[in-house]
Amino acid sequence: MRTFSEFQIIGHVGKVRSVGPTLRVDVAAEYGRKDDAGQFQSNPYWNEVTLFNERVIAWAKDHVKTGDLVHVRGTLRQTRYEKDGQTIYGVTLAADDFDLLAPKAQVGA
């Protein structure tokens with residue numbers, strides 16, 4: 001039996017930056033809700049997604065901009081390294097699929 005750990009995010013693009021041979025894209029998922037007065041209270045949660053595939057990186061650099069609505073799916077990878085004698089733990093969201101759902105200009109329309 002194959003086992004795996006997977007994530008899926010539909011959200012808006014924030015920062016896009018190259019880090020070595022990878023591309024890191026911040027994607028905001030919105031967890032807002034209405035308060036007791038009926039007013040919507042925004043509560044975005046930012047997730048840093050890492051792209052490793054050279055073809056996907058090239059496509060994303062050419063087609064994805066801040067504010068665009070995207071769908072990202074991939075695997076979770078726990079990371080660990082030593083710094084100043086301390087073990088630092090983290091999680092990498094490694095994107096397998098990265099798709100543009102709507103450009104920023106069309107999201108609000």
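These are my notebook entries on a predicted model of one protein.

**Ground rules**

I number residues from 1 along each chain as its sequence is written, and side-chain values use heavy atoms, with hydrogens and water left out. Since I'm working from a predicted model, local features need pLDDT of at least 70 and side-chain atom pairs count only at pLDDT 80 or more, while totals for chains, interfaces and linings use all residues.

**Entry 1: the overall picture**

I looked up the parts list and found two helices and seven strands. For me, helices (H or I, at least four residues) and strands (E, at least two) are DSSP runs, numbered from the N terminus. Reading along the sequence, I get β-β-β-β-β-α-β-β-α. The C-alpha trace spans about 50 × 40 × 35 Å along its principal axes.

Next I checked burial. Of the 109 residues, 28% count as buried. My cut-offs: buried is under 20% relative accessible area, exposed is over 50%, and partly exposed is in between (1.4 Å probe, protein chains only). The protein exposes about 8,000 Å², and carbon and sulfur atoms supply 48% of that. Those areas come from the Shrake-Rupley method with a 1.4 Å probe; for residues, only the protein chains shown count as cover.

I also looked at contacts, meaning heavy atoms within 4.5 Å. Among contacts with a separation of 6 or more, 56% are between residues 24 or more positions apart.

**Entry 2: the barrel**

In which order do the strands of the closed barrel run? I traced five strands as E1-E2-E5-E7-E6, with mixed pairing. The twist averages 50° from one strand to the next. Angles here run from 0 to 180 degrees between N-to-C directions, and axes are lines fitted to C-alpha atoms, for helices over the stretch in contact.

Then I went through some of the pairs; two strands pair if DSSP finds at least two bridges between them.

- E1 and E2 run antiparallel, joined by six bridges.
- E2 and E5 are antiparallel too, with eight bridges.
- E5 and E7 pair in the parallel sense, over three bridges.

I followed a few partners across. Valine 13 has valine 27 in E2 as its bridge partner, and valine 27 in turn has asparagine 47 in E5. Leucine 51 stands opposite alanine 95 in E7.

**Entry 3: the core and the helix**

I looked for the largest nonpolar core, which has 17 residues. By definition, such a core is a set of buried Ala, Val, Leu, Ile, Met, Phe, Trp, Tyr and Cys residues joined through side-chain atoms within 4.5 Å. Val49, Leu51, Val72 and Phe98 touch the most other members. At least two core residues each come from E1 (6-19), E2 (22-30), E5, helix H1 (54-63), E6 (69-83) and E7 (86-102). E2 gives the largest share, four residues.

H1 lies across E1, E2, E5 and E7, at about 65° to E7. I picked alanine 60 in H1; it counts as buried because its relative accessibility is 3%. Beyond its neighbours within four places in sequence, alanine 60 is in contact with Leu23, Leu51 and Phe98.

Asparagine 47 is in E5 (residues 44-51). Is asparagine 47 buried or exposed? Buried, because its relative accessible area is 16%. A polar atom of its side chain lies 3.2 Å from the backbone oxygen of tyrosine 45. Residues that asparagine 47 touches include Ile9, Val25, Asp26 and Leu93.

Aspartate 26 sits in E2 and counts as buried, because its relative accessibility is 14%. Aspartate 26 touches Asn47, and the rest of its list includes His12, Lys15, Arg17 and Trp46.

Last, I looked up aspartate 84, in the loop between E6 and E7. Aspartate 84 is exposed, because its relative accessible area is 76%. Its phi is positive, about 55°, although it is not a glycine. I wrote down the background as well: most residues other than glycine have a negative phi.

Terms used
A polar contact is a pair of N or O atoms within 3.5 Å; within protein, one must be able to donate a hydrogen and the other to accept it, and residues adjacent in sequence count only if both atoms are side-chain atoms.
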